[in-house]
Amino acid sequence: MAAGTSHRAAPEHTHPDDVPVLTALAALADPVRAQLVRELAASDDWSRSCGTFDVPVGKAAKSHHFAVLRAAGLVEQRDEGPKRVNRLRREEFDARFPGLLELVLRGD
């Protein structure tokens with residue numbers, strides 16, 4: 001393996017413009033994913049690695065939840081050394097689904 005390469009594939013991202021509304025709703029309906037989104041919303045972009053979220057699931061389940069959020073256009077991830085860091089795609093998601101993310105963040 002060449003220096004600087006990762007042992008895992010880079011995450012694939014779906015742009016919110018390509019996400020059906022039911023996919024977005026399903027992603028946000030899960031309580032663990034809603035908590036991940038709320039914690040990301042309260043954090044600076046790229047400041048949180050996957051391991052820093054306090055959710056009641058194991059590592060594999062957490063990875064699955066992040067994959068669902070990526071597929072719904074909510075989260076962007078990148079690898080920084082051994083860590084995968086996250087960014088909430090707030091502007092892009094709000095442009096596609098105005099007001100939806102705000103409802104989730106309020107916890108109504």
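## A buried salt bridge and the sheet around it

R48 and E39 are both buried, where buried means under 20% relative accessible area, exposed over 50%, and partly exposed in between (1.4 Å probe, protein chains only). These two residues form a salt bridge in which the closest N and O atoms are 2.8 Å apart, a salt bridge being a side-chain nitrogen of Lys or Arg within 4 Å of a carboxyl oxygen of Asp or Glu.

The model is predicted, so that local features need pLDDT of at least 70 and side-chain atom pairs count only at pLDDT 80 or more, whereas totals for chains, interfaces and linings use all residues. Residues are numbered from 1 along each chain as its sequence is written, and side-chain values use heavy atoms, with hydrogens and water left out.

### The sheet

Three strands make an open sheet in the order β1-β3-β2, with antiparallel pairing; its edge strands are β1 (48–49) and β2 (75–80), each of which pairs on one side only. Strands and helices here are DSSP runs numbered from the N terminus (E, at least two residues, for strands; H or I, at least four residues, for helices), and two strands pair if DSSP finds at least two bridges between them. Strand β3 covers residues 83–88 and is joined to β2 by six bridges, the two running antiparallel. Within this pairing, E76 stands opposite R87 of β3, and E80 stands opposite K83 of β3. Strands β2 and β3 form a hairpin with two residues between them, and G81 in the turn has a positive phi of about 65 degrees. On the other pairing, two bridges join β1 to β3, again antiparallel, and the bridge partner of S49 in β3 is V85. Five of the six residues of β3 are buried, so this strand is largely enclosed by the rest of the structure.

### Salt bridges

The structure holds six salt bridges, including those set out below.

| Partners | Closest N to O distance |
|---|---|
| R48 and E39 | 2.8 Å |
| E92 and R89 | 3.5 Å |

Salt bridges that share partners join E76, R87, R89 and E92 into one network.

### Loops, ends and surface

W46 lies in the loop between α2 and β1, and its phi is near 65 degrees, a positive value in a residue other than glycine. Most residues other than glycine have a negative phi.

D30 lies in the loop between α1 and α2 and is partly exposed, with a relative accessible area of 21%. The C-alpha atoms of D30 and H65 are separated by 9.0 Å, although these residues are 35 apart along the chain. D94 has its place in helix α4 (residues 90–96) and counts as partly exposed at 30% relative accessibility; its C-alpha atom is separated by 9.6 Å from that of L74, 20 residues apart along the chain.

Helix α1 (residues 21–29) contains L22, which counts as exposed because its relative accessibility is 66%. Together with V21 and L25, L22 makes a nonpolar surface patch of about 290 Å². Patches are made of residues with over 30% relative accessible area and no salt bridge, like charges being joined within 9 Å and nonpolar side chains (Val, Leu, Ile, Met, Phe, Trp, Tyr) within 5 Å. The accessible areas come from the Shrake-Rupley method with a 1.4 Å probe, and for residues only the protein chains shown count as cover.
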